[in-house]
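Work through the exercises below with the sequence and the structure open. Each task is followed by a solution in steps.

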Amino acid sequence: METRQLQIGCDFTYVAAVPTPVVFQVQPVESPHISIGHSRWVSEPAVAVRGYTDLYGNPCVRAVLPAGMSTFGYLAIAVVPDAAEDADEDAAELAPDDLPDDTLIFTLPSRYCLPDVLGNESWSRFGGLAPGYRRVQAVCDYVHRHLTFQYGSSTALSSAADVNLAGRGVCRDFTHLAISFCRALNIPARYVFGYLPDMDVPPDPAPMDFAAWMEVWLGNQWWTFDPRNNIRRKGRIVIGRGRDASDVAMATTFGGPLLESMVVLAQETAG
């Protein structure tokens, strides 16, 4: 398969009143289809970092932000397939009793995904559709139409039920709502967070940001769905997977530093 090369990374600028521990989750997970090289952590002033893997298998690093202003970033080169993610319209849903044990957690309510609250609506909208890949796509089609993308329209406290009622949100909100509908139908669905470059699509005039989408268990594997963009895309690079956005925060600070700026980079570069 042909490949293409991307430059990926991010940069955070903080102002802290006191030294503040932080966990960053911005480094891609290992993938058999994506090669990550020339990766490095950069900080000013220099700070020590140490890595660990969380309970979902996502790579994280720990550091301590110094008092005052500091910057912390990650840079890498990624080689990705020149192809969109796989799809199979005939992929089947499994009955709950046939689901693999490790997928069951992704059928349950979580901090932002509320299949118990949205269950009646999910079954009334999608329960009459034939089970399988096409039904999950119908969920994405509905969420894509129902929600208007709008920066600042939701907060860190907004659940899937909140954005469903408001009718607007950002990519994580689209994903939380679609996950909630799928889980209500007993379809395992997990939250995915990562880099999504503008490859072979019209460039987005807004500043580059991290992206969120979901993976759904059908047949015998996880399949990628993107209710925000609602098209298959090239160049997705997964940073983390979990129940919802609370499991894969890009930065978790143990204190109250001010985030002055955040820059995300995900663009094609010459090989």
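The exercises cover cysteines, aromatic pairs and charges over rings.

This is a predicted model, in which local features need pLDDT of at least 70 and side-chain atom pairs count only at pLDDT 80 or more, while totals for chains, interfaces and linings use all residues. Residues are numbered from 1 along each chain as its sequence is written, and side-chain values use heavy atoms, with hydrogens and water left out.

**Exercise 1.** Determine how many disulfides there are, taking a disulfide as a pair of cysteine sulfur atoms within 2.5 Å.

Solution.
- Step 1: A disulfide is a covalent bond between the sulfur atoms of two cysteines.
- Step 2: Applying the cut-off gives zero disulfides.
- Step 3: Cys 113 is in no disulfide, and the nearest cysteine sulfur, that of Cys 182, is 10 Å away.
- Step 4: For Cys 171, the closest cysteine sulfur is in Cys 113, at 13 Å, which is too far for a bond.
- Step 5: Classify by relative accessible area: buried is under 20%, exposed is over 50%, and partly exposed is in between (1.4 Å probe, protein chains only). Cys 113, at 0%, is buried, and Cys 171, at 16%, is buried.

**Exercise 2.** Describe the aromatic pair of Tyr 56 and Phe 106.

Solution.
- Step 1: Rings of Phe, Tyr and Trp (its six-membered ring) pair if their centres lie within 6.5 Å; planes under 30 degrees apart are stacked, over 60 edge-to-face, and the rest tilted. The structure holds 18 aromatic pairs.
- Step 2: For Tyr 56 and Phe 106, the centres are 6.4 Å apart and the planes make 45 degrees, so the pair is tilted.
- Step 3: Helices (H or I, at least four residues) and strands (E, at least two) are DSSP runs, numbered from the N terminus. Tyr 56 lies in the loop between β4 (50-53) and β5 (59-65), and Phe 106 in the loop between β6 (68-81) and α1 (115-126), so the pair ties together parts 50 residues apart in sequence.
- Step 4: Tyr 56 is partly exposed at 22%, whereas Phe 106 is buried at 6%.

**Exercise 3.** Which ring does the charged end of Arg 172 sit over, and which that of Arg 190?

Solution.
- Step 1: The test requires NZ of Lys or CZ of Arg within 6 Å of the ring centre and within 35 degrees of the ring normal.
- Step 2: Arg 172 sits over the ring of Tyr 112, 4.7 Å from its centre.
- Step 3: Arg 190 sits over the ring of Trp 222, 4.0 Å from its centre.
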